[in-house]
Amino acid sequence: MTEKNNDILAEVNGKKISQKEVVSFITQMQGGQQFLNPQGIHQITDELVNQELMYIDALENKLDEDEEFTKELEITKENMLKNYAMHKLFESIEVSDEEIKNYYDNNKEVVKKPKSYRASHILVDDEESAKNILNEINDGLSFEDAANKYSKDNGSKNGDLGEFPKGTMVKEFEEALDKLGEGEISKPVKTQFGYHIIKLDHTHDEYLPEFDEIKDRIHDTLLMIKRQEKYLEKTRKIKEKVEVKKYY
């Protein structure tokens, strides 16, 4: 089935460049969205025409026979073949709904969501500074304004650390968090980074997600496990007939 003439945007030595090809090229470009208009499509078509001209000229000058090019081509071919071999190895692997449900039922500790915190902090170098800031907060300065004014953690606007699971922060920080009620502010807490004033916004206790909430993640986990098992099995078999030497 041939393409309609109005779908062909250009020809170079008889090689057609279609609108479909141009749009596909644009969608793969970083920031390509700005070219999805008539003027942009024509601009990218011009670029593809220029690339075809360069290709023709390269062939005429036998650049495809240059030693540097043939070496690079061989490396590219080798990497593509490795990726294709992996694709062929994995293409038949499937994870059934039954396997997903069995994993969910038999691995409660693994699929549980850990306790998490939503917290903010103010980080300074010394305890005296931390105490002075805490006094200002107690006198009416908002925690957020104090964080923006004094904290050396410039990456946390208003001191906000977002939500994070238990085990993410250093021991001293988490021990202080566990002593706070929601909305409470800690005394200065020393860690390897300096002195923190911590505000606990809220906590989420450990819980077991509903099956439908987590089944896609379990599917991906099982798929990864199956792929790894098949990969290791395949490489073990290949090693039986290939000499491998390691120097580490």
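Predicted model: local features only at pLDDT ≥ 70, side-chain atom pairs only at ≥ 80, totals over all residues.
Thr191 stands opposite Gly194, a residue of strand E6. Strand E6 covers residues 194–204 and is joined to E5 by three bridges, with the two strands running antiparallel.

## The four-stranded sheet

E5 and E6 belong to an open sheet of four strands, ordered E4-E3-E6-E5 and paired in antiparallel fashion. Its edges are formed by strand E4 (160–165) and strand E5 (189–191), each of which pairs on one side only. From one strand to the next, the twist averages 45°.

Helix H7, made of residues 143–150, lies across E6 and strand E3 (116–124), and it runs at about 45° to E3.

Tyr195 is found in strand E6. Because its relative accessible area is 15%, under the 20% cut-off, Tyr195 counts as buried. Leaving out residues up to four places away in sequence, Tyr195 touches a run of neighbours that includes Ile122, Leu123, Val124, Asp125, Asp126 and Glu127. Its other partners include Ala130, Pro188, Val189 and Lys190.

Ser156 sits in the loop that links H7 and E4. Its relative accessibility is 10%, so Ser156 is buried as well. Setting aside neighbours within four places in sequence, Ser156 is in contact with His121 and Leu161.

## The annotated span

The UniProt record, an unreviewed entry, places the feature "domain: PpiC" at residues 114–202. In the model, this span is 31% helix and 30% strand, and its end C-alpha atoms lie 14 Å apart.

Now for another pairing in the chain. Strand E1 (residues 8–12) and strand E2 (residues 15–18) run antiparallel and are joined by four bridges. Within this pairing, Ala10 stands opposite Ile17 of E2. The hairpin has two residues between its strands, and Asn13 adopts a positive phi near 55° there.

## Domains and overall shape

Three domains divide the protein: domain 1 (8–65), domain 2 (77–112 + 215–233) and domain 3 (116–204). Note that domain 2 is written as two segments, 77–112 and 215–233. The centres of domain 2 and domain 3, taken over C-alpha atoms, are separated by 41 Å.

Counting elements, the protein has nine helices and six strands. Its radius of gyration is 30 Å, well over the 18 Å that the globule rule gives for 248 residues, so the protein is more spread out than a compact globule. Along the principal axes, the C-alpha trace spans about 80 × 55 × 45 Å.

Two further totals round out the picture. Of the 248 residues, 26% are buried. Among contacts with a separation of 6 or more, 61% are between residues 24 or more positions apart.

How values were computed: Residues numbered from 1 in each chain as written. Heavy atoms only, no water. Domains from an automatic or database assignment. Pairing = 2+ DSSP bridges. Axes fitted to C-alpha atoms, helices over the stretch in contact; angles between N-to-C directions. Contact = heavy atoms within 4.5 Å. UniProt positions renumbered as here; feature names shortened; annotations may be inferred. Rg over C-alpha atoms; globule rule 2.2 N^0.38 Å. Buried < 20%, exposed > 50% of the residue type's maximum accessible area, 1.4 Å probe, protein only.
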